[in-house]
Amino acid sequence: MSGVRVLVGTRKGGFVLTADGKRKRWEVSGPHFAGWEIYHLKGSPADPNRLYASQSSGWFGQMIQRSNDGGKTWETMGNEFAYDGVPGTHQWYDGTAHPWEFKRVWHLEPSLADPDTVCAGIEDAALFRSTDGGKCWTEVSGLRKHGSGPHWSPGAGGMCLHTIIQDPSNPQRMYIAISAAGAFRTDDGGQSWTPINRGLHSQYIPDPTAEVGHCVHRIALHPSRPNVLFMQKHWDVMRSDDGGDSWHEVSGNLPTDFGFPIEVHAHEPETVYVVPIKSDSEHYPPEGKLRVYRSRSGGNEWEGLTKGLPQSDCYVNVLRDAMAVDSLDPCGVYFGTTGGQVYASPDGGDSWTPIVRDLPAVLSVEVQTLS
Amino acid sequence: MIRVVLPQHLRTLAGVGAEVELQVNGQATVRSVLDSLEARYPVLRGTIRGHADQRRRPFIRFFACERDLSHDPPDTPLPEAVVAGAEPFLVIGAVAGG
C-alpha cells in the first residue's frame with residue numbers, strides 16, 4: 001500500500017504527517033524537538049526511513065538530528081560547522097566588510113544514492129557535507145572561495161544558502177542558491193563553482209545585471225529534465241533551459257511575481273507551482289486571497305488555484321522551503337503557511353484541504369512517497 | 001562534587017534532571033566545570049559555548065551564590081560554596097524571545 005509522509009518544520013518543533021495513498025485521513029506526530037526552531041527536515045531518497053532534521057535555537061545554537069525509523073526516534077548528530085581556513089569577510093548590509101559567522105542550518109539535502117551522505121546549506125552562506133550520516137561536517141569550500149565571496153551580502157532573512165539541488169543524471173553537477181548572492185553550479189562535484197545568474201535583473205542592487213548579488217528565493221527542477229530550472233526570485237519568476245547558463249522571465253499573467261517557493265509537478269515537467277505574495281514589504285497574498293498559481297506551459301500562462309483555500313482575510317506567508325510534491329498519481333502538492341496551516345492537494349492543485357490548521361509558523365515542508 | 005543546574009532544553013538534550021553533579025579535576029572554574037560537563041554529556045558541546053572559540057553563547061548566563069559570573073574570565077575560581085556543593089552553578093538561558 002502506498003502512502004505519503006509529510007515532514008513539517010516549524011518555529012516551535014517538527015511534525016510528521018502520514019496518510020495512505022488516498023491522502024484523505026492523516027495522522028499527526030509531534031512536536032518533535034518541542035520549543036526549538038526546525039528549519040528543515042528531509043528524508044533520504046536512498047532509504048526513506050533515514051531522516052535528517054535541522055534543530056536550532058537562538059539560545060543554544062545548532063543541533064542536527066537523525067532518525068533511522070521514519071521519525072519515530074531520533075539521535076543527536078554532530079553540530080560543529082567550522083569554515084575551512086580563515087573565514088574572511090563578506091559584505092554587510094551597510095556595505096562594510098563583515099566576518100563570516102555560522103548561525104544555523106537552513107537546508108539539509110541527503111544524497112540521491114547514499115543515506116550517509118548529506119549536504120547542509122548554512123547561514124552565513126556556505127555548503128557543508130557529511131559522509132558519515134551527520135556526525136562530522138566538512139565545508140565544500142570551493143563555493144565560498146569563489147572569487148565573488150567577499151561581495152556576497154545578506155537578504156533580510158540573513159545570508160543563507162537555502163537551495164541545494166542534485167542533478168539526478170550527473171552526480172558531479174549540483175545547483176545551490178544563496179540570498180542574496182544568487183545561484184551557483186558545480187560540474188565537478190563541488191570543487192569549483194560558477195555563478196549562473198545571467199538574465200536575472202534586480203533593480204534593488206547597484207548593478208541590476210551583476211554576476212552576483214541577486215536575491216534568489218528558490219529553484220526547482222524536474223528529475224527527467226535536469227537542464228530546465230525554474231526560479232522564484234525576490235521579484236520575478238524565471239526559467240532556464242540550459243542548466244542555468246541563461247535565464248528568461250516567465251512571470252506572465254501572475255498577479256504579482258514576488259514570492260518564495262516554487263515547485264514542479266512530479267509527472268508533468270512543464271507544470272509549475274508558485275504562491276504569489278503581494279510585495280517585498282507586504283509578505284502576504286494579494287487581496288487577502290490565498291492562491292496557488294499553476295502553469296501547465298512551463299511559465300507565462302498561469303491559473304489561480306483557489307478551491308479549498310481561504311479567499312478572504314488571509315494574510316499568511318508561504319516560505320521558500322514550505323512547498324513540496326509527492327510522486328503518486330495524481331501528484332499531490334503540499335504547502336505550509338506562517339499561520340500554521342499545512343494544505344494538501346491530492347489532485348495536482350485542483351482542490352485543497354488543510355491537514356492541520358494550528359501548528360506554529362511553518363518553515364519547511366517536505367514529502368516522502370512511500371511504497 | 002559541583003552541582004550544575006541546566007535550562008530545560010539542555011536537560012532534555014542531555015537526558016538529565018534538574019541538577020547534574022560533576023567531579024571536576026583541579027581548580028573549579030567556569031572553564032573546568034564546562035569541560036567536565038561536556039565530557040560527560042557530549043551532546044551539550046556547542047550549546048553553552050562555541051566549539052572553537054569556547055566563548056559563552058550570547059543568550060547564556062552563569063550565576064552562582066546570587067552573583068552573575070558571566071563576564072568573569074573563564075579561569076576565575078568559583079565561589080567556595082559552589083566548590084563545596086552547598087550552592088549550585090546555574091546555567092541560565094536569557095529571558096527573551098517568543
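Mentor: Start with an open sheet of chain A: four strands in the order E4-E5-E6-E7, paired antiparallel. Strands (E, at least two residues) and helices (H or I, at least four residues) are DSSP runs, numbered from the N terminus. Two strands pair if DSSP finds at least two bridges between them. And keep in mind that this is a predicted model: local features need pLDDT of at least 70, side-chain atom pairs count only at pLDDT 80 or more, and totals for chains, interfaces and linings use all residues. Residues are numbered from 1 along each chain as its sequence is written, while chains are lettered from A and ligands numbered from 1 in the order in which they are written.

Trainee: Which are the edge strands there?
Mentor: Strand E4 (37-43) and strand E7 (75-76) of chain A, and each pairs on one side only. E7(A) pairs with strand E6 (residues 61-67) of chain A over two bridges, antiparallel. A:Gln65 has A:Thr76 in E7(A) as its bridge partner.

Trainee: What is the order of the strands in the open sheet with E30?
Mentor: E3-E2-E1-E30 in chain A, an open sheet of four strands with antiparallel pairing. Strand E3 (27-32) and strand E30 (362-370) stand at the edges with a single partner strand each, so one side of each has no neighbour in the sheet. On average, neighbouring strands of this sheet are turned by 15° against each other, direction ignored. That angle is between axes, which are lines fitted to C-alpha atoms (for helices, over the stretch in contact), and angles run from 0 to 180 degrees between N-to-C directions.

Trainee: How many bridges join E1 to E2?
Mentor: Eight, between strand E1 (residues 3-10) and strand E2 (residues 13-20) of chain A, running antiparallel. A:Val6 has A:Leu17 in E2(A) as its bridge partner. E2(A) and E3(A) pair antiparallel too, over four bridges.

Trainee: How many residues sit between E2 and E3 in the hairpin?
Mentor: Six, and A:Arg23 in that turn has a positive phi of about 60°. Most residues other than glycine have a negative phi, and most peptide bonds are trans.

Trainee: Is A:Arg23 buried or exposed?
Mentor: A:Arg23 counts as buried, because it has 22 C-beta neighbours inside 10 Å. The cut-offs: buried means 20 or more other C-beta atoms within 10 Å of a residue's own, exposed means 12 or fewer, and partly exposed is in between, with C-beta atoms placed from the backbone. Look at A:Asn300 as well: its phi is near 75°, positive in a residue other than glycine. A:Asn300 lies in the loop between strand E24 (292-295) and strand E25 (303-305) of chain A. A:Asn300 is partly exposed, with 15 other C-beta atoms within 10 Å.

Trainee: New topic. Where is the cis bond with A:Pro330?
Mentor: That cis peptide bond joins A:Asp329 and A:Pro330, with omega about 5°. A:Pro330 is in the loop between strand E26 (323-325) and strand E27 (333-336) of chain A. Another cis peptide bond joins A:Ser179 and A:Ala180, with omega about 5°. A:Ala180 lies in the loop between strand E15 (174-179) and strand E16 (182-186) of chain A.

Trainee: How many residues of strand E11 in chain A are buried?
Mentor: Six of the six (residues 118-123), so the strand is largely enclosed by the rest of the structure. A:Val118, A:Ala120 and A:Ile122 point one way from E11(A), and A:Cys119, A:Gly121 and A:Glu123 point the other way.

Trainee: What pairs with E11?
Mentor: Strand E10 (residues 104-110) of chain A joins E11(A) through six bridges, antiparallel. A:Val105 stands opposite A:Ile122. Strand E12 (residues 126-130) of chain A also pairs antiparallel with E11(A), over five bridges. In E12(A), A:Ala126 is the bridge partner of A:Ile122.

Trainee: Last one. How many residues of chain A are in contact with chain B?
Mentor: 10 residues of chain A, in contact with 14 residues of chain B. Contact means that the C-beta atoms, placed from the backbone, lie within 7 Å.

How values were computed. Two residues are in contact if their C-beta atoms, placed from the backbone, lie within 7 Å.
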